[in-house]
Amino acid sequence: MQIPKNFDKESTYGLYLQGRDLYRFRKYNLAEEKIKASLSKDELFFPSLVEMMKLKIFRMDYDAACHYGKKALSIDTYDGEANYYYGIIASKLSKSNDALDGFQVASLTPDYRVAAYTALAHQYLGNNNYIKAEEYAKSSIKNKNIDLEK
């Protein structure tokens, strides 16, 4: 397949797609350039905010990642991907309640359910809440088995 000739690669969406693909190919510096360019055209472009959040997590710049995460979640509070990565950021910043919130909302999205349940189990284990940790670990295993049956 070829990109249509009239598709604007330099549009907000075009730059986002390039950045997303570069991220997937582990070309993080180039990915960040494209995502920054996308956000310079529209600072509230949700997909680019989430992608920048992931890039900042990769660089272990959790404060910057948190900034992009909060901006993204202010636009779409219930997005599974944004909440999952926000949970990771909050966990790294020792904001346990925020991490729990992020992972719980992410668990509502099938694509992030197993990972979110696993992260919730880790969070509760770290909080010495062994009953909740076991519940979420079992939920993670149960949902992983459901995914395998498909």
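**Close-up views of a predicted all-helix model**

**View A. Met60 is found in the loop between helix H3 (46-58) and helix H4 (62-75).** Helices (H or I, at least four residues) and strands (E, at least two) are DSSP runs numbered from the N terminus. This is a predicted model, in which local features need pLDDT of at least 70, side-chain atom pairs count only at pLDDT 80 or more, and totals for chains, interfaces and linings use all residues. Residues are numbered from 1 along each chain as its sequence is written, and side-chain values use heavy atoms, with hydrogens and water left out. Most residues other than glycine have a negative phi. The phi of Met60, however, is positive, near 60°. Met60 counts as exposed because its relative accessibility is 59%; buried means under 20% relative accessible area, exposed over 50%, and partly exposed in between (1.4 Å probe, protein chains only).

**View B. Ser94 lies in the loop between helix H5 (80-92) and helix H6 (96-106).** Although Ser94 is not a glycine, its phi is positive, at about 60°. With 68% relative accessibility, Ser94 counts as exposed.

**View C. Helices H3 and H4 cross at roughly 160°.** Their axes come within 8 Å; axes are lines fitted to C-alpha atoms, for helices over the stretch in contact, and angles run from 0 to 180 degrees between N-to-C directions. H3 is therefore roughly antiparallel to H4 (under 35 degrees counts as roughly parallel, over 145 as roughly antiparallel, 65 to 115 as roughly perpendicular, and the rest as oblique). The crossing of H3 and H4 is left-handed, a term for a near helix turned anticlockwise from the far one by less than a right angle, right-handed being clockwise. Residues of H3 that meet H4 include Phe46, Leu49, Met53 and Ile57. On the H4 side, Tyr62, Ala65, Tyr68 and Gly69 are among those involved. Contact means heavy atoms within 4.5 Å.

**View D. Helices H1 and H3 cross at roughly 30°.** The axes of H1 and H3 come within 10 Å, and the angle makes H1 roughly parallel to H3. This crossing is left-handed. H1 contributes Tyr16, Arg20 and Tyr23 to the contact, while H3 contributes Pro47, Ser48, Glu51, Lys54 and Leu55.

**View E. Arg20 lies in helix H1 (residues 12-24).** The side chain of Arg20 makes a polar contact of 3.0 Å with the side chain of Asp21. A polar contact is a pair of N or O atoms within 3.5 Å; within protein, one must be able to donate a hydrogen and the other to accept it, and residues adjacent in sequence count only if both atoms are side-chain atoms. Leaving aside residues up to four places away in sequence, Arg20 touches Ile35 and Glu51.

**View F. The largest nonpolar core has 41 residues.** Such a core is a set of buried Ala, Val, Leu, Ile, Met, Phe, Trp, Tyr and Cys residues joined through side-chain atoms within 4.5 Å. Met53, Leu55, Ile57, Ile89 and Leu120 have the most contacts inside this core. H1, helix H2 (28-41), H3, H4, H5, H6, helix H7 (113-126) and helix H8 (130-149) each supply at least two of its residues, and H3 gives the most, with seven. Ile57 touches Tyr62, Ala65, Tyr85, Ile88 and Ile89, not counting residues up to four places away in sequence.
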